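Have a look at the side chains in this one with me. I've jotted down some notes on rings and charges.

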Amino acid sequence: MFSNLIWMLVLLCSSVADENSIRDADIFPSSPEIERGSSLELSCVLRKNYIPQGDSSHIIWKLNDALIAPENYNIVNETVSSITIHNFTYSTAYVKCFMMYLDKELLLAHTEVKSGFRPDMPKNISCIYFYDVNLTCTWNAGRKTSFTTNYTLYRRLASSPDTVKSCQNTTESCSFFYPYNDYSDDFCFQVEAKNVLGASLTECVSIPLQKIEKFAPPEILSVKKIPGIKQLLTVTWKMPEKIIPLKHIICQVQYRNLYSNFTEFVNVSLNSIKDTGSCNLTGLWDSTDYSVSIRCINNESAFWSGWSGEKNESTEEKAPSEKVDLWRVIESSHSSRNRSVHLLWKPLKSFPPSGRILGYKIQYFPENKPARKRTNNSTENKITLLLNEEAHIISVTAYNSAGESPEAILRIPSSHEKPSQMIESVITSTTNEEVVVQWITSEPETTNYVVEWYEELEMDPFGRSWQYVSNSTEWKNNKKNFEPFVCYNISVYPLYGSNVSAPFYTQIYVQEKEPSEGPVADTGILGKNEVTVTWNEISKAKRNGFITNYTIFYKPEDGKELNETVNFDVLQYRLKSLQANTQYTVRVMASNQAGGTIGEPKTFKTLKLDKEDILFIALPVGMSMLCLIGLWITCVLKKHAFKKVCWPDIPNPEESLAVEWPFSPSVNNSFLKRVSSQAKTVDFEDINVLEYCSPEESQEGSLLINCENHVSECTDINQKGITNRDEKILHNEENEVAKCFSPSMSYILTEQFTRSQMHSALIPVEKVQPVEMVANDLCGSQQNPIKNEENEDEEVLKLEDFSEKPLFNPYLKNSVKTREFLVSETLPEPSTDECKSQSSVLPPFQPNLPGQSYITLDMFRLAKAQ
């Protein structure tokens, strides 16, 4: 039951796998393999039960899914259709036959077709015979066949061709292993190649085994030097065991000089019976390491054995024959008593070398004291000595087991010596491969020099390089010994004997590039139209070449960039013709022969005013201040003189001793009281005091005559104190003064008096009255002292209430007989006629006349102060 289910499942899967395929058809031949370029013939055979669906005429053919032309078809019968494909060149291709049924292609069968070539006859058969190990032969099979090819190697005896041994392989070599590799002198070898298309067989080639023998490399037992014998080494080796017996053997000894890497060969003949061989290597270098190896060959064979392993040995030494290259670096010291001298030397330059250097012996002593010689030993090529200020002689020798080299001697000058300068100039240059240094000397007889070079930033004195130059003023060195973009210090020292003269220094870059960074700009002194730009040098490690110039780029805000170029030794530059009060950006570029690099930008702003502008403004102001200060100081120092001139002192009547002055004078000047009560404001600038108009004090009777003669003079004096607004009034009233004034009038005042110093004062009420009006009022008050004017609209000052008995004032005898009373111009002007009608001539001053008033200038000053 279970097996039936399996069969049904298989049938169902097969029917579902390919509904369009018909299983009952075959292609003959199946999987054909043909020779490339030949014709291919195939047949597709149908089963008879499918004939009702279609016969062989309905079969079509395809090659790799490409339809084959119907003219290549051949209908054999109703079940067989064949096809012929000419010149088939595909290495692999698929051929299919289909049945056309209901306009559908039903796959009937398909096959894979391969094409290739027959095997070529093998060529160049060669064999190698390892005695009692194996016999291996190789050959050249020719072109590829595209089919699997089997090779068979036949080994036949020439005397008995039927005695054959063979081996098979699919590659181009085949081997016979022990014990099937018997030794014989008459073997011949034959190779057969076979594949599906055919086979090929070579002729039997005779190959004697002794001619193809190859054995294992020999083994070196020892390489020795013989004590006391120089330039010689003895080599001993052991031969391999598996060698064809009774054959002559040749061994080749190879020795290589490790110092010069030079190789030479020596051949040694041996008998194969001997197990060992030996030879002496002569003509070698002293104290030189050699590497030795050996190989051997049968003298009839064509194959050498492999090289044995190498062994090294050194020949006998001899004392070094050349002195070392000695140099020194003298370190400057603040103390002249002690200084460090660094000695450097190079290994011996002798070729071939004398031997292995074990160390160096350094001897030194003061030049004038050879008995104080000291000795140091060193295994390195350098040493530092601590010497005093004296001149010293230093020698260095190299030594090995055989002896010492000649001495290399240098003289170290004393601290106070100044070596002479023999070299006048040094010129450096570079080519594609070399650095060239040339110099000119003032001493042609000097033939030895030392060229010293080292990196500028190298601080270690032992990091310097040097080289001796003889009979030349030119030195060359390979560029590879110098780093690019690095500055080197080069010094040339003349030598005369063991003395070293003063060097000549120079610097060089073997290759330059633009600086790694640009200078950092800074601004110094700022001005209105100029600024000083400063910068620092780039560090030596980042210059990458010799700085040739600096370029200053500066640009105003929203303006065009400008630039200035200066030499390499300039580290500051003043930019001129700048715009005032403008922001600028400045950068500095450092350039060498390879290019330039710009530094970080710096921003600054010019000033509105520069020193000249400030000085132009400050100088007048300062001069003015100085003048004011000087004037103030003068006023302070000379204030009493100015006071005496401008404000002269007037005697105080109360202090007069001429007559007895009453203790309690009571003068009721109601006129002054009235004026004082009506005054609101006081202006002392309008107060004027008229000078005495009479030439003589004693002639009172002639006052009117003299007063008329001097009225113009008094008027002019009064005009000096009156402001511009009063000039017109005074000018018009100049002719009326004499008429209005009476010689008997004591004082006429224009403005206010001090209330604290007087019982009454003449004070203008708000506005100053004209001269005529005041004069008329005064005239009326003298004639009518008891009348009181009550009309304030006219604002006329009058003298009232003189009823009290006046006191006798003898001081007024010599005082001014006439006073002018000025009133403000703003008061209403009375008519001239009124002044004339009211004015009258006052009688002269009388000593005992009541009603006289006296007011001094001291009172005015006190009033102002209060």
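Here are my points on aromatic pairs, charges over rings and salt bridges.

1. First, the ground rules: this is a predicted model, where local features need pLDDT of at least 70, side-chain atom pairs count only at pLDDT 80 or more, and totals for chains, interfaces and linings use all residues. Residues are numbered from 1 along each chain as its sequence is written, and side-chain values use heavy atoms, with hydrogens and water left out.

2. There are 17 aromatic pairs (rings of Phe, Tyr and Trp, using the six-membered ring of Trp, with centres within 6.5 Å; planes under 30 degrees apart are stacked, over 60 edge-to-face, the rest tilted). One of them joins Y129 and Y131 edge-to-face, with 6.3 Å between centres and 90° between planes. Y129 is buried at 0% relative accessibility (buried is under 20% relative accessible area, exposed over 50%, partly exposed in between, with a 1.4 Å probe and protein chains only).

3. W453, W475, F482 and Y488 make up one aromatic cluster.

4. Check R143 too: it lies over the face of F117, 4.1 Å from the ring centre (the rule: NZ of Lys or CZ of Arg within 6 Å of the ring centre and within 35 degrees of the ring normal).

5. The salt bridges number 18 (a side-chain nitrogen of Lys or Arg within 4 Å of a carboxyl oxygen of Asp or Glu). R118 and E35 form one of these, at 3.8 Å from N to O. R118 is partly exposed at 44%, and E35 is also partly exposed, at 33%.
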